[in-house]
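Subject: Handing over the structure

Hi,

Here is the structure I promised to pass on. Could you open it alongside this email and follow along?

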Amino acid sequence: MRIDKYLWSVRYLKTRNIATQACKKGSVRVNGNIVKPSRDVYPGDIITLRKEQINYQLEVLDLPESRVGAKLVDIYRKDTTPKEAFETNEMLQYAKSYYRKKGVGRPTKKDRRDLDDFTESPEEENET
């Protein structure tokens, strides 16, 4: 079975077209090698998929005939993604939303002054 069809059938990517594009961009690796969308996968292969800043790692257990339901996906793959990958992504989300909410706009003069005070080193304060 082709790698793009496999990723689509085990519900890691929403459409075959998205799966094909991910392979062309180099987001998909099989046994450590970047692959083309037409590469065949076999049981025992290790797939690494970079999706939404997370490197998913899966082991192919069996090949489905076609797209399977969400409850049956575990029959065909074993997810070995480390939990640290998800925790790192969660911390990234908190870091992005900490200072400014999305769509608020340019920093105000007060925001700029606060940033300058924060980034100013203690040695510069002693000189004045």
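A word on the ground rules before the details. This is a predicted model, so local features need pLDDT of at least 70 and side-chain atom pairs count only at pLDDT 80 or more, while totals for chains, interfaces and linings use all residues. Residues are numbered from 1 along each chain as its sequence is written, and side-chain values use heavy atoms, with hydrogens and water left out.

**The sheet**

Let's start with the strands. The model has an open sheet of five strands in the order E2-E1-E3-E4-E5, with antiparallel pairing. Strand E2 (33-34) and strand E5 (77-79) are at the edges with a single partner strand each, so one side of each has no neighbour in the sheet. On the labels: helices (H or I, at least four residues) and strands (E, at least two) are DSSP runs numbered from the N terminus. Two strands pair if DSSP finds at least two bridges between them.

How many bridges join E3 to E4? There are six, and the two strands run antiparallel. One of the facing pairs is Thr 48 with Gln 57 in E4. The hairpin of E3 and E4 has two residues between the strands, and Glu 52 there takes a positive phi near 55°.

Strand E1 (residues 28-30) is joined to strand E3 (residues 46-51) by three bridges, again antiparallel, and Val 30 sits opposite Ile 47 in E3. Three bridges also connect strand E4 (residues 54-60) with E5, antiparallel as well; Leu 58 has Asp 79 in E5 as its bridge partner.

**Salt bridges**

Side chains of opposite charge can pair when their charged atoms come close. A search of the whole structure gives six salt bridges, each defined as a side-chain nitrogen of Lys or Arg within 4 Å of a carboxyl oxygen of Asp or Glu.

One of them joins Arg 16 to Asp 4, with the closest N and O atoms 3.8 Å apart. This pair links distant parts of the chain: Arg 16 belongs to helix H2 (residues 16-25) and Asp 4 to helix H1 (residues 3-9), twelve residues apart. Is Asp 4 buried or exposed? Asp 4 is buried, with a relative accessible area of 1%, and Arg 16 is partly exposed at 33%. The terms work like this: buried means under 20% relative accessible area, exposed over 50%, and partly exposed in between (1.4 Å probe, protein chains only). Arg 2, Asp 4 and Arg 16 are linked in a network of salt bridges.

Another salt bridge brings together Asp 74 and Arg 77 (3.0 Å, N to O). Here Asp 74 is exposed at 52% relative accessibility, whereas Arg 77 is buried at 15%.

Then there is Asp 116 with Arg 112, at 3.3 Å from N to O. These two are four residues apart in helix H5 (residues 109-119), so about one helical turn separates them. Asp 116 is partly exposed at 38%, and Arg 112 is partly exposed at 42%.

**The largest pocket**

Which residues line the largest pocket? They are Leu 13, Lys 14, Ile 18, Gln 21, Ala 22, Lys 25, Ser 27, Arg 50, Lys 51 and Glu 52. By class, the lining has three nonpolar, two polar and five charged residues. H2 gives the most to the lining, with four residues, and H2 and E3 each supply at least two.

**Two residues to look at**

Arg 29 lies in strand E1 and is partly exposed, with a relative accessible area of 34%. Not counting residues up to four places away in sequence, Arg 29 touches Ile 34, Ile 46, Ile 47 and Thr 48, where contact means heavy atoms within 4.5 Å. Arg 29 and Gln 57 are 28 residues apart in sequence, with their C-alpha atoms 9.5 Å apart in space.

Asn 89 lies in helix H4 (residues 83-99) and is buried, with a relative accessible area of 16%. Leaving aside neighbours within four places in sequence, Asn 89 is in contact with Glu 52, Gln 53 and Ile 54.

Over to you, and happy browsing!

How values were computed. On a 1 Å grid over the protein atoms alone, a cavity is a set of points where a 1.4 Å probe fits but cannot get out, and a pocket is an open set with protein on both sides within 12 Å along at least five of seven lines; lining residues have an atom within 4 Å of a point. Ala, Val, Leu, Ile, Met, Phe, Trp, Tyr, Cys and Pro count as nonpolar, Asp, Glu, Lys and Arg as charged, and the others, Gly among them, as polar.
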